[in-house]
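Here is a short briefing on one structure.

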Amino acid sequence: MKFARSSFQPRESRASRLARARICGVTPDHSAPALLDLVERMIDGGVDMVQLRHKTMGRGALFDLARQVAERCAQAEVLLIVNDHVDICAESGADGVHVGSDDLSIAGARAVLGPEFLIGATAATLALVRSAQKAGADYIGAGPAFVTRIKPDRPIIGPVGIAALAATVDLPVFAIGGIDPGGLAQLRTAGVDRVCAITAFSGPNTVEVARGFREELRS
């Protein structure tokens, strides 16, 4: 079944908006109303991308939520990336999908979505970064930058490690993992200028924190 896309048509292409993107706000496993409110605050704070990530919500509810988030992101000309679910990305009005190592491959996602959608991948090593670029990824999430409660067992590669990976590919590379305002300064010192954050944006001061990130990354 096909669903209507958002009536809002951004002035810029997805690729050009991705090229200038610096901040991606990733959603936690909140209820739909709380998550929609958080997305609104992320947008007010100046994020360039929202990654809709929810590990516990049923697929039907997640699809309905994705449609609502896509409508709001389109109005603000903020990119929406759906985590894991290629089909929900394709039908909700999202701009792209982020696939992990246990999801559909980059090539498989591209075969389903075609060239107009963005595809992101996670990588922590030089071999994985190069493989993702060769497979057709549009951007990379590299990390963990710091210790993170989301994936506490992952080996930390740190700001310098992320900067080294970013220097090897001609793709936007976003630092991920445990990034807060203090860690952001360390990333900037290492030369990293793109970040994804979950916890830092999930508190009561989302707008202020996001604006602080934006000021630091645009300086």
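**Backbone, rings and packing**

Asp84 is found in the loop between β3 and α4 (86-92); helices (H or I, at least four residues) and strands (E, at least two) are DSSP runs, numbered from the N terminus. The model is predicted: local features need pLDDT of at least 70, side-chain atom pairs count only at pLDDT 80 or more, and totals for chains, interfaces and linings use all residues. Residues are numbered from 1 along each chain as its sequence is written, and side-chain values use heavy atoms, with hydrogens and water left out.

**Backbone**

- Most residues other than glycine have a negative phi, and most peptide bonds are trans.
- Asp84 is not a glycine, yet its phi is positive, at about 75°.
- Glu77 also has a positive phi, about 55°, without being a glycine.
- The loop between α3 and β3 (79-83) holds Glu77.
- Glu77 counts as buried because its relative accessibility is 19% (buried is under 20% relative accessible area, exposed over 50%, partly exposed in between; 1.4 Å probe, protein chains only).
- Gly143 and Pro144 are joined by a cis peptide bond, with omega about 5°.
- Pro144 sits in the loop between β6 and α7 (158-166).

**Rings**

- Two aromatic pairs turn up in a search of the whole structure (rings of Phe, Tyr and Trp, its six-membered ring, pair if their centres lie within 6.5 Å; planes under 30 degrees apart count as stacked, over 60 as edge-to-face and the rest as tilted).
- One of them is Tyr139 with Phe174, an edge-to-face pair at 5.7 Å centre to centre and 80° between the planes.
- Tyr139 is in strand β6 (residues 139-142) and Phe174 in strand β7 (residues 173-175), so this pair ties together parts 35 residues apart in sequence.
- Tyr139 and Phe174 are both buried.
- The charged end of Arg194 sits over the ring of Phe174, 6.0 Å from its centre (the test is NZ of Lys or CZ of Arg within 6 Å of the ring centre and within 35 degrees of the ring normal).
- Arg14 places its charged end over the ring of Phe117, 4.7 Å from the centre.

**Helix packing**

- Helix α2 (residues 32-45) packs on helix α3 (residues 59-76) at about 15°, with axes 11 Å apart (axes are lines fitted to C-alpha atoms, for helices over the stretch in contact; angles run from 0 to 180 degrees between N-to-C directions).
- α2 and α3 are therefore roughly parallel to each other (under 35 degrees; over 145 is roughly antiparallel, 65 to 115 roughly perpendicular, the rest oblique).
- Contacts (heavy atoms within 4.5 Å) involve residues including Leu35, Leu36 and Val39 in α2, and Leu65, Val69 and Arg72 in α3.
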